[in-house]
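Work through the exercises below with the model open. Try each task before reading its solution.

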Amino acid sequence: AGFLQLPPAAGKAKSYETWNKDFAGWLYRTQKLVLFKSPATGHVSKAGESERDFRVRLQQAGREERDKGADSLRQKYAPKIAALQEKVRRAEQQKEKQQAEARSSQVQAAISVGASILGAFLGRKAMSATNIGRATTAIRGAGRVLKESQDVNFAQENVAALQQQLADLEAQFKMESEALAAASDPLQENLEAVTVKPIKANVAVKLVALAWAPHWRASDESM
């Protein structure tokens, strides 16, 4: 092995200080780092990370974010939906109770009216105390029937209103869930190029040294 002669400048220590400064200036003036940025998420690629690797990392991060978002949505809507479902259940029970009471009142009123008419047909005096009492009872029964029919209507309207609230809430939950699932696909997203240039104060050359690069020499002395 042999070594070529050094250029004269390479044998002077001050030359290395000059080359150090020149190299730092060249880095500052000419070098830059180009990174990828996702406009949808704001994430930026790492130095040396390829576009493909960055997109795969974005896809994984997006999946994790969607899972977190879905959990948050469920935690947000589950108590509200459960509370409305319970209200609907109670309202249905109340409606059934009102309907049963209304049917019972209708039967009692019909019996009272029938007894009054039957007493009159059996030859009793139309204005007897018994007939007057039965008529009064029939009138009161009719009033009860009317009131309980109104109660049934109110109960039905309450059930319908609660069911509509529940349907609206479930529709809103579905809409937000679909919007979350339809987030942009990182594999198809148009990435932005972010150029990072060095700051002169932050450029530091650690070492400028002399080294020999090995070469094979042919038999005819050519390199």
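## Exercise 1: Layout of the chain

Task: Count the helices and strands in the protein chain, then give their order.

Solution. Start with the count: the protein chain has 3 helices and 2 strands. Bear in mind that this is a predicted model. Next, read from the N terminus: the order of elements is α-β-α-α-β.

## Exercise 2: Burial, surface and contacts

Task: Describe the protein chain as a whole: what percentage of its residues is buried, how much area is exposed, and what share of contacts joins residues 24 or more positions apart?

Solution. Take burial to begin with. The protein chain has 223 residues, and 20% of them are buried. Then the contacts. Among those with a separation of 6 or more, 72% are between residues 24 or more positions apart.

## Exercise 3: The largest nonpolar core

Task: List the residues of the largest nonpolar core and find which elements give two or more of them.

Solution. The core has 10 residues: Leu 73, Tyr 77, Ile 81, Leu 84, Val 88, Ala 91, Val 159, Leu 162, Leu 166 and Leu 169. Helix 2 (51-121) and helix 3 (129-181) are the elements that each give two or more residues to this core. Helix 2 provides the largest share, 6 residues. Now look at one member, Val 88. Beyond its neighbours within four places in sequence, Val 88 contacts Leu 162 and Gln 163. As background, nonpolar side chains in soluble globular proteins tend to be buried together.

## Exercise 4: Two residues compared

Task: Classify Arg 55 as buried or exposed, and do likewise for Phe 23.

Solution. Arg 55 sits in helix 2. Its relative accessibility is 13%, so Arg 55 counts as buried; the cut-off is under 20%. Outside the four places on either side in sequence, Arg 55 contacts Pro 186, Leu 187, Gln 188, Glu 189 and Leu 191.

Phe 23 belongs to helix 1 (residues 13-30). Phe 23 counts as partly exposed because its relative accessibility is 39%.

## Exercise 5: The largest pocket

Task: Give the volume of the largest pocket and characterise its lining.

Solution. The largest pocket holds about 380 Å³ of space. Its lining comprises 16 residues; Gly 2, Phe 3, Leu 4, Trp 212 and Ala 213 lie nearest the centre. Sort the lining by class: 12 residues are nonpolar, 3 polar and 1 charged.

Notes. Residues are numbered from 1 along each chain as its sequence is written. This is a predicted model: local features need pLDDT of at least 70, side-chain atom pairs count only at pLDDT 80 or more; totals for chains, interfaces and linings use all residues. Side-chain values use heavy atoms; hydrogens and water are left out. Helices (H or I, at least four residues) and strands (E, at least two) are DSSP runs, numbered from the N terminus. Buried means under 20% relative accessible area, exposed over 50%, partly exposed in between (1.4 Å probe, protein chains only). Contact means heavy atoms within 4.5 Å. On a 1 Å grid over the protein atoms alone, a cavity is a set of points where a 1.4 Å probe fits but cannot get out, and a pocket is an open set with protein on both sides within 12 Å along at least five of seven lines; lining residues have an atom within 4 Å of a point. Grid points are joined across faces, edges and corners, and a volume is the space filled by probe spheres set on the points. Ala, Val, Leu, Ile, Met, Phe, Trp, Tyr, Cys and Pro count as nonpolar, Asp, Glu, Lys and Arg as charged, and the others, Gly among them, as polar. A nonpolar core is a set of buried Ala, Val, Leu, Ile, Met, Phe, Trp, Tyr and Cys residues joined through side-chain atoms within 4.5 Å.
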